Amino acid sequence: MRFLLLLMSITLFLPKVDAQDLQRETDFNFEWKFALQKDTTKPKTIPLKDKKWRTLRLPHDWSVEMSFDPKYEGATGFLPGGVGVYQKHFKTTSNKKETNTYVLFDGVYNNATFWLNGKLLGENPYGYSPVYFNLTDVLEDVHNENVLTVHVDHSRYADSRWYTGSGIYRNVKLITVNKLHIPIWGTFLTTPEVSAEEAKVHLEIKVKNDYNDDKSFTLSTSILDAYNNEVAQLSEELHLESKTENTFNHSLTVANPKLWDIQNPNMYKAITTVLVKGKVIDRYETPFGIRSIEFNKDFGFKLNGKVTDVKGVCLHHAAGLVGSAVPKGVWRRRFERLKACGVNAIRTAHNPYSQEFLDLCDEMGILVQNEFFDEFEYAKDKRLNFHDRHDDYITRGYVEHFREWNKSDLTRTMLRDRNHPSVFQWSIGNEIEWTYLHYRYVTGFWENPDDPQDSGSYWSSEPLFTPDEMKKRYDEIEKTEYNLTETATQLSKWTKELDTTRPVTANFVVAQTSMVSGYADAIDIAGFSYRNKDIPWALKYFPNKQITINENPGTWDDWKQVLENPGVFSIFMWTGIDYMGERHGDWPNKSGWGDLLDLAGFKYQGWNYFKSIWVNKPHISIGTMPMKNSRFKTNEISGQQLPENADASSNWRDSNMHWNYEEGEMVVVEVCSNHTIVELLLNGKSLGRKSMSECPDRLFRWMVPFEVGTLTAKAGFDGQEVIAELQTTSKPTSLKLISNQESLKADGYDVAHLEVQLLDKNGLEVKTENTDIEFIVEGDCRWLGVDNGERSNSQDFQSKKITTAKGRCLAILQSKFKPGIVKITARASGFEDRTVNIEIK
């Protein structure tokens with residue numbers, strides 16, 4: 001045996017250690033040097049002379065600092081990439097004979113190479129996976145200076161189908177530990193038995209001995225609740241031989257546990273300490289939640305034993321004006337708005353996100369489908385989606401590294417993420433079938449071998465063949481060099497080697513073929529993408545396979561699948577929030593696709609629509625659109641507006657939230673409500689009532705000739721009525737300036753969102769007029785930029801000037817370390833200045 005177990009005992013007392021007494025992690029985000037490079041040539045003499053370089057803090061995304069330009073590719077939002085070099089100067093503070101020092105990068109986009117003091121540490125091509133390096137042997141002696149150099153090559157800036165950002169865009173930490181220590185990501189915590197009375201907590205703990213001598217030590221675990229009360233503890237005496245690592249198991253019981261769920265995301269901490277002769281030499285903290293998850297084809301998904309519908313959205317990792325370097329407070333504002341309309345889950349489309357993102361999902365009670373890859377062996381077309389049709393430099397991406405790096409990237413991601421209670425599924429890939437051309441031809445819808453984009457009636461039709469017929473066609477068709485089933489099986493195997501507590505899924509876009517090819521057999525849950533018509537077929541022919549929806553356009557029909565099929569437990573609409581990219585040849589539109597929130601986090605009418613479906617509280621709201629732009633036609637009998645074609649009813653996503661049109665203009669009025677009967681009134685005159693039975697997509701519609709005044713929607717029983725109103729506004733006469741924070745922590749991270757809205761003389765929000773806004777900032781803060789949320793907005797994000805859209809705009813600022821008052825003034829020609837003060841403390 002590599003170790004000797006001396007004694008195991010449950011202790012009545014564990015040493016209390018102040019976190020300040022033993023600091024493993026040091027914030028390594030500040031005081032970096034940065035410079036863009038002229039070409040892709042890696043430097044030969046390192047460190048580089050950086051005296052004249054720009055000094056900045058991380059996370060940093062250099063692409064979002066640039067100007068939008070149609071000469072760049074719309075697939076990634078008309079912003080450039082490039083090549084950049086970062087350097088960090090720091091002094092050695094610990095004795096290398098007693099300690100190890102590591103640097104941990106949570107994400108660098110992309111093709112990153114790392115050196116310390118001119119000596120190569122390694123590389124990491126994938127821009128979404130965390131990576132760390134042991135610096136110990138390369139560090140200078142105590143008190144001497146070191147230089148950490150990071151070369152980032154994002155010259156292939158259209159290597160993705162959405163905006164990625166460029167640079168060290170996630171947090172960096174310096175980690176210093178005793179040579180006898182718990183490694184980075186060295187714990188794995190599960191809760192195998194959970195009830196109201198007690199919960200079993202199992203902890204796998206790695207301990208590494210880098211000393212040249214064998215070491216005896218005490219390994220102790222203490223579980224603390226949210227108030228730092230100790231609720232369970234365990235200690236054992238152990239021995240570890242020199243230059244070895246081993247895994248030890250701690251099993252503890254928590255009485256009367258407070259469970260983690262969507263409504264009450266209760267968190268605990270497992271504090272694991274390594275003691276030698278009574279002295280704590282390492283302290284490792286594992287945040288976790290006590291919860292149980294269960295998936296079954298008969299009931300769908302249970303969280304803590306309760307059947308739970310997953311009301312999900314897909315998101316990309318960037319967030320508007322901050323690009324991919326997203327402060328935690330920016331995600332918090334977005335999450336608050338998503339949760340307010342009923343969202344309880346996020347799919348990380350189509351790659352791992354930051355640790356900070358998952359921390360916030362833990363904290364706020366949001367389930368996460370953690371996705372690994374968008375491509376396997378074959379590339380997608382970064383300009384026009386589907387499969388690779390452009391073999392040029394700027395679109396070459398991760399596919400070139402996949403076979404060499406996929407296990408490493410998957411493993412590092414899972415080791416970092418598997419203790420998060422929010423993570424409830426692992427997804428190995430997204431719509432991978434597009435890149436294996438034979439998958440589409442098997443369906444019978446793609447009939448032209450010379451045009452793989454000619455899908456016939458695929459999107460609107462039910463499957464043409466039975467599974468047996470599909471399997472025969474699959475077996476007979478010519479295959480590609482790489483086998484999708486074999487790759488998926490390997491990825492699933494690696495996933496399960498690291499975690500069997502969560503199911504493995506994938507997103508199928510050619511589900512008919514995937515169900516018969518063996519691809520579906522490689523995973524636990526088949527997630528369908530935009531193919532609701534495949535669901536009855538799959539449920540009929542594959543009754544033992546659990547099927548759900550992993551991506552969908554966000555319609556009532558999508559949610560009906562969950563309501564009508566118990567095993568189908570989720571939708572993940574594309575997408576919850578606008579994102580930059582997938583806009584090839586569509587200048588100036590750089591962004592789009594959001595169902596609920598725009599790029600600045602302002603609400604679309606889709607937010608109201610899904611709130612009326614997902615939130616069990618009375619709701620009513622009004623959206624409007626000109627008849628001429630609506631794709632609707634008039635039903636002469638009832639006046640009810642009916643879809644002219646299948647996708648017409650999706651217009652509500654960005655319908656107007658105003659009542660300002662030309663006199664007499666025909667306007668489609670759409671009311672979102674969860675009441676069965678709604679009445680519409682214009683200037684107090686009833687325009688009639690509509691019943692939900694008339695509304696196949698749960699939208700109450702009228703065609704109304706516009707007249708100035710007040711549009712009112714009413715529903716509900718007497719004394720319990722809900723009312724929504726839209727009033728015609730006049731010219732704007734004033735500005736409204738609000739901040740979502742009155743004060744910020746002086747920590748260099750906290751952020752405030754400032755919203756400006758035009759108002760008319762009656763204080764009503766004017767959404768049909770715009771003006772130029774300038775922000776004047778007095779005080780010590782970091783200005784992150786401005787946006788108006790408009791998809792066609794091509795104004796620079798990093799500015800203090802912006803033209804409003806829908807009468808509004810957004811600005812974000814971030815604290816520094818100096819306490820004080822920051823005064824922000826919004827100024828526009830012809831309007832009185834508006835000012836807010838934010839205290840930094």
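What follows is a short walk through the domains, strands and cysteines of this predicted model. Residues are numbered from 1 along each chain as its sequence is written, and side-chain values use heavy atoms, with hydrogens and water left out. Since the model is predicted, local features need pLDDT of at least 70 and side-chain atom pairs count only at pLDDT 80 or more, while totals for chains, interfaces and linings use all residues.

The protein chain is split into domain 1 (25-57 + 82-154), domain 2 (187-289), domain 3 (293-597), domain 4 (618-727) and domain 5 (734-840), with bounds that come from an automatic or database domain assignment. Taken over C-alpha atoms, the centres of domain 2 and domain 5 lie 46 Å apart.

Strand E23 (residues 310-315) is largely enclosed by the rest of the structure, because 6 of its 6 residues are buried (under 20% relative accessible area, where exposed is over 50% and partly exposed is in between, with a 1.4 Å probe and protein chains only). Helices (H or I, at least four residues) and strands (E, at least two) are DSSP runs, numbered from the N terminus. Val310, Gly312 and Cys314 point one way from E23, Lys311, Val313 and Leu315 point the other way, and all are buried.

Two strands count as paired if DSSP finds at least two bridges between them. E23 pairs in the parallel sense with strand E30 (residues 570-573) over 4 bridges, and here Val310 has Ser570 as its bridge partner. E23 also pairs in the parallel sense with strand E24 (residues 345-348), again over 4 bridges, with Leu315 opposite Thr348.

Residues 735-836 are 0% helix and 52% strand, with end C-alpha atoms 12 Å apart. An open sheet of 5 strands runs in the order E43-E50-E49-E45-E47, with mixed pairing. Its edge strands are E43 (743-744) and E47 (801-803), each pairing on one side only.

As for disulfides (a pair of cysteine sulfur atoms within 2.5 Å), the count is 0. Cys341 is in none, and the nearest cysteine sulfur, that of Cys672, is 11 Å away. Cys341 is also buried, at 0% relative accessible area. The sulfur of Cys361 is too far for a bond, because the closest cysteine sulfur, in Cys314, is 14 Å away.
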